[in-house]
Amino acid sequence: MAELQQLRVQEAVDSMVKSLERENIRKMQGLMFRCSASCCEDSQASMKQVHQCIERCHVPLAQAQALVTSELEKFQDRLARCTMHCNDKAKDSVDAGSKELQVKQQLDSCVTKCVDDHMHLIPTMTKKMKEALLSIGK
């Protein structure tokens, strides 16, 4: 049961990341490479100036990648805290003498609720990241 829930979340997150990559990150990569190429076309610039120019071209993409990584880590942490709470409740039930099958059903139900709650956060998280990526790209 827990594996199925994990797969649901993984597929939703993968879909979100692919969408962000296709619609936002890829455009930023193109801009970065074109910007970097134009740095190399300045025959009057010193090697250091060209290097600094190229580094400036890479900043927006690096910021975008850091943003996506940070948001995904926060999402994972929240989901992990929720499932840890489920595990704690299940352990408390076992300690209180509940039957194993009953505890397993309680755990599965709790984990499913965690996943459902977090699946509802994905569209909002996606929207927030897309808006942030657009502001970085400007």
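How far apart are the sulfur atoms of cysteine 39 and cysteine 53? I found them 1.9 Å apart, forming a disulfide (a pair of cysteine sulfur atoms within 2.5 Å). The model is predicted, so I kept to its limits: local features need pLDDT of at least 70, side-chain atom pairs count only at pLDDT 80 or more, and totals for chains, interfaces and linings use all residues. Residues are numbered from 1 along each chain as its sequence is written, and side-chain values use heavy atoms, with hydrogens and water left out.

Entry, disulfides. I noted four disulfides in the structure. The torsion about the S-S bond of cysteine 39 and cysteine 53 is about -70°, so this disulfide is left-handed. Cysteine 39 and cysteine 53 are both buried (buried is under 20% relative accessible area, exposed over 50%, partly exposed in between, with a 1.4 Å probe and protein chains only).

I then looked up cysteine 82, which a disulfide joins to cysteine 114, S to S 1.9 Å. The link is left-handed, with -85° about the S-S bond. Cysteine 82 counts as partly exposed at 21% relative accessibility, whereas cysteine 114 counts as buried at 1%.

Entry, cysteine 40. Its closest cysteine sulfur, in cysteine 39, is 6.4 Å away, too far for a bond. Cysteine 40 is exposed, with a relative accessible area of 53%.

Entry, isoleucine 122. Leaving aside neighbours within four places in sequence, I found isoleucine 122 in contact with Ala12, Val13, Met16 and Phe75 (contact means heavy atoms within 4.5 Å).
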